[in-house]
Amino acid sequence: MTKADIINEIANETGVAKKDVTVVVESFMATIKDSLLEKRECVYLRGFGSFIIKHRAAKTARNILKNTTMTIDAHDLPSFKPAKSFVEQMKGE
């Protein structure tokens with residue numbers, strides 16, 4: 001499902017114009033990105049899941065083709081962790 005599909009679904013279910021739904025969806029995604037990137041805060045959506053920041057420590061990696069080593073700096077990655085109730089629904093429990 002793409003962002004356009006989501007916008008169409010919401011517009012059909014609510015009767016709100018696609019233009020207005022697009023603004024809301026774009027704003028929602030921008031708010032999540034802003035929270036993770038700039039504020040460094042995780043986003044918790046009860047019953048759905050959490051958008052969290054995972055920290056990866058610096059490590060040494062090998063390039064086996066060139067037989068060299070390189071250092072990968074420490075960095076943060078965005079991650080999604082589904083809510084327990086969401087996981088249970090997916091499993092059919």
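Reader: Does valine 25 count as buried or exposed, and at what relative accessibility?

Author: A residue is called buried when its relative accessible area is under 20% and exposed when that value is over 50%. This is a predicted model, and in it valine 25 has a relative accessibility of 11%, so this residue counts as buried. Valine 25 belongs to helix 2, which covers residues 18–37. If we set aside residues up to four places away in sequence, valine 25 touches Lys3, Ile7 and Ile10.

Reader: How many helices and strands does the chain have, and what pattern do they follow along the sequence?

Author: The chain holds 3 helices and 5 strands, and, when you read along the sequence, they come in the pattern α-α-β-β-β-β-β-α.

Reader: What share of the contacts joins residues 24 or more positions apart?

Author: Among contacts in the chain with a separation of 6 or more, 30% are between residues 24 or more positions apart. Valine 25 and arginine 46 are 21 residues apart along the chain, and their C-alpha atoms are separated by 18 Å. Tyrosine 44 and proline 82 are 38 residues apart along the chain, and the distance between their C-alpha atoms is 9.9 Å.

Reader: How many positive and negative side chains are there, and how many salt bridges?

Author: Side chains of opposite charge can pair when their charged atoms come close. Here the chain carries 15 positive and 12 negative side chains, with the centres of the two sets 8 Å apart. The count of salt bridges comes to 3, where a side-chain nitrogen of Lys or Arg has to lie within 4 Å of a carboxyl oxygen of Asp or Glu.

Reader: Which side chain meets glutamate 26 in a salt bridge?

Author: The partner of glutamate 26 is lysine 3, with a distance of 2.6 Å from N to O. This pair links distant parts of the chain, since glutamate 26 sits in helix 2 and lysine 3 in helix 1 (residues 3–14), 23 residues apart. Glutamate 26 has a relative accessible area of 35%, so it is partly exposed, and lysine 3, also with a relative accessible area of 35%, is partly exposed.

Reader: Which residue forms a salt bridge with arginine 40?

Author: Arginine 40 forms a salt bridge with aspartate 76, and the closest N and O atoms of the pair are 2.1 Å apart. Here too distant parts of the chain are linked, for arginine 40 lies in the loop between helix 2 and strand 1 (43–45), while aspartate 76 lies in strand 5 (residues 75–82), 36 residues apart. Arginine 40 is partly exposed at 43%, and aspartate 76 counts as partly exposed at 33% relative accessibility. Another salt bridge joins the side chains of lysine 39 and aspartate 34, at 3.9 Å from N to O. Lysine 39 counts as exposed, because its relative accessibility is 51%, whereas aspartate 34, with a relative accessible area of 24%, is partly exposed.

Reader: Does serine 35 count as buried or exposed, and what is it in contact with?

Author: Serine 35 is in helix 2, and its relative accessibility is 8%, so it counts as buried. Leaving aside neighbours within four places in sequence, serine 35 is in contact with Arg40, Glu41, Cys42 and Val43. Tyrosine 44, by contrast, lies in strand 1 and counts as exposed at 61% relative accessibility. With its neighbours within four places left aside, tyrosine 44 is in contact with Gly49 and Ser50.

Reader: How many residues of helix 3 are buried?

Author: Helix 3 has 8 residues (84–91), and the number buried is 0, so this helix lies largely in the open. Just after helix 3, glycine 92 takes a positive phi of about 85°.

Methods:
Residues numbered from 1 in each chain as written. Predicted model: local features only at pLDDT ≥ 70, side-chain atom pairs only at ≥ 80, totals over all residues. Heavy atoms only, no water. Helix = DSSP H or I, 4+ residues; strand = E, 2+ residues; numbered from the N terminus. Contact = heavy atoms within 4.5 Å. Lys, Arg positive; Asp, Glu negative; His and termini not counted. Charge placed at Lys NZ, Arg CZ, Asp CG, Glu CD. Buried < 20%, exposed > 50% of the residue type's maximum accessible area, 1.4 Å probe, protein only.
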